Number of protein chains: 2
Amino acid sequence: MTLTQLEAFVLVARLGSVKAAASVLGVSEPAVSGALAALRQHLDDPLVVRTGGGMELTPGGQRVLPIASQMVNLAADATDAVRRAQGAPDLLRVVATSTVAEYVARPLITAFTQRHGPVEATLGVTTATEMPALLMERLADVGLGPRLGGLDSHPMLRHRLVVVAGPEHRLARAERVEPADVAHQDWLVDASGADPATETGILLAHLRVPDARVRVFPNLDAAWTAAAAGEGVAPGIAHLVAEDVDHGRLVILPVEGTPLDLLWYANTLPPDRRSRSATKLRRFIDTPDAMHAMHRADASVPVARFRPPVYVTLWS
Amino acid sequence: MTLTQLEAFVLVARLGSVKAAASVLGVSEPAVSGALAALRQHLDDPLVVRTGGGMELTPGGQRVLPIASQMVNLAADATDAVRRAQGAPDLLRVVATSTVAEYVARPLITAFTQRHGPVEATLGVTTATEMPALLMERLADVGLGPRLGGLDSHPMLRHRLVVVAGPEHRLARAERVEPADVAHQDWLVDASGADPATETGILLAHLRVPDARVRVFPNLDAAWTAAAAGEGVAPGIAHLVAEDVDHGRLVILPVEGTPLDLLWYANTLPPDRRSRSATKLRRFIDTPDAMHAMHRADASVPVARFRPPVYVTLWS
DNA sequence: GGCCGGGATAACCGAATGGTTATCGGGCGA
DNA sequence: TCGCCCGATAACCATTCGGTTATCCCGGCC
């Protein structure tokens, strides 16, 4: 029984899939499957079994899960405790859904580290689906994105979700667009669009956009550029596309049910289990400094500009 | 950071010695030293440092110790949880100081398993010094012997400690024996005599018996047989030597300060952390059945009889 | 019936773990 | 000052771990 094995089990149980667990851990699928097999043999219990659409815990697995989770947590505590005792800088591991990472997280973290002395911050992209597991297993301290159930969610940034297209698009001049009309367009999205738990994903699901119509771009900028070129429609964050709309490069489609007023949240564990740096960041988010940093993005990121994508950072 | 490493660290910290930890784990000293070195390197902190007469925790070590201990405990919980979920019999791991193991523990455990259906019981011998660490790290469920600080101690068996010798011994006919007189005799003891935390060890220390005068026998029976043959004096449990005294094979010396009225205890973790089988055994101890089983020993174990010693059982 | 997605398994590999015996080295007591 | 006790280290070894790629297998679904 090793900690890696326990962690593999916990993530499989939490995410309901070996594949997802492997992706979170940044290893191949057989690696997770193997770790799970080893633990199964050691404890002489299947722990999780395949069922139609997901994995289900055995009675043994149900009992072991909280224990295993706590062990993994304590391992994080241990390294943390010794770090702190040695006066090392706090660690702040932020994960965000792709859109948030692209426009909000980086300036926020930059401002935060400048304000709050020595903090070692890292930023990673993940899906909203995986985010709870990452936070619960202490693989990350803060998760920026949609509100997550079972966690402490702190409002971060208000925004408005619209649907945009190029000025030449067939629907660009419509007075009113029915969901059915827009559903069969080509949808140009970033990774959030492929994640059913983000606002974009929910929007696509709500409009019943078929998967075949969705084209995933490495980031929203690229999607908007393609939309401006008339390749299809795209989800847009109102204040981020404002400039492009003003200049006529993009048009906001009057789709039924939009605009959607939404909030991004900073999700963390409850106070007693939250890391110190996470608490600090939560507090920082409410300051004018943070507001300023997060809003600065709208001006500094024109549609045409292409940035290197933020890669998933892995912590073992 | 592996569980073995954590356990090694915890035991070294608790016992204040690498050697003792190695003995508890039943491995060589470099094995423990190596595990500790690995953990030290991983956490980048010495954790424990040698000081004159013992090992002392660093600030980092102080913080890690409770965490590490809990992790080891949880590992035990995990296996236990899955065992129970599968309906496997409860596990009852009893450790006792040598004298208790020899005369009391075995009949007690036998009676207990006969009464309380399916229980998988094991019995091991250890020193009173190591006993707290064994219980705290869940390497054992119940520790029978002297009362231990920091644990729940449940009175088990009242007994009376005396000093005995053969009828031909120089002091056998004395009206009154001063501590100084008896201190320089040859003392024939079992393993408890070498353990400063047992009653026997305390008695020897109190009388200031020099180490050179102490001969350790594999069990008390053997020591009494040697005492009966005139080879020296021995500590005696009054009701266990009664028959030999009646038959004139042994004589109780009127040593100043003896007899000592003492109690053996069943030591366990506090109720919330105690294993189910430990709770059951505690309760069983108060029943007439248990009393009867424990007292039966006095009749059934004459001095001359030699039994195979109870070996230390190791659980990993 | 055949494809396909996802989990298990096989075969393999390097590195780490966990253990041994033998040896070194540093305090501390006689 | 000389041993001695005890922890650290060296050298070595078998096993396990953690990872890979390739392949198999099974249940759903077109």
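In the predicted model, for which local features need pLDDT of at least 70, side-chain atom pairs count only at pLDDT 80 or more, and totals for chains, interfaces and linings use all residues, 22 residues of chain A are in contact with 22 residues of chain B, two residues being in contact if their C-beta atoms, placed from the backbone, lie within 7 Å. Helix H4 (residues 59-85) of chain A gives the most to the side that touches chain B, contributing 16 residues; helices (H or I, at least four residues) and strands (E, at least two) are DSSP runs numbered from the N terminus. By class, this side of chain A has 14 nonpolar, five polar and three charged residues, where Ala, Val, Leu, Ile, Met, Phe, Trp, Tyr, Cys and Pro count as nonpolar, Asp, Glu, Lys and Arg as charged, and the others, Gly among them, as polar. Residues are numbered from 1 along each chain as its sequence is written, while chains are lettered from A and ligands numbered from 1 in the order in which they are written.

The same surface serves both copies, since 100% of the contact residues of chain A recur in chain B.

DNA strand C is surrounded by 21 residues, the closest being A:Lys19, A:Pro30, B:Thr4, B:Ser28 and B:Gly52; a residue is near a strand if its C-beta atom, placed from the backbone, lies within 6 Å of it. The largest share of this surface, six residues, comes from H3(A). Around DNA strand D there are likewise 21 residues, of which A:Thr4, A:Ser28, A:Pro30, B:Lys19 and B:Pro30 come nearest, and here the largest share, six residues, comes from H3(B).

The secondary structure of chain A comes to 12 helices and 11 strands. Along its principal axes, the C-alpha trace of chain A spans about 65 × 50 × 30 Å. Buried residues, defined as those with 20 or more other C-beta atoms, placed from the backbone, within 10 Å of their own, make up 46% of the 316 residues in chain A.

Key:
Buried ≥ 20, exposed ≤ 12 C-beta atoms within 10 Å, placed from the backbone.
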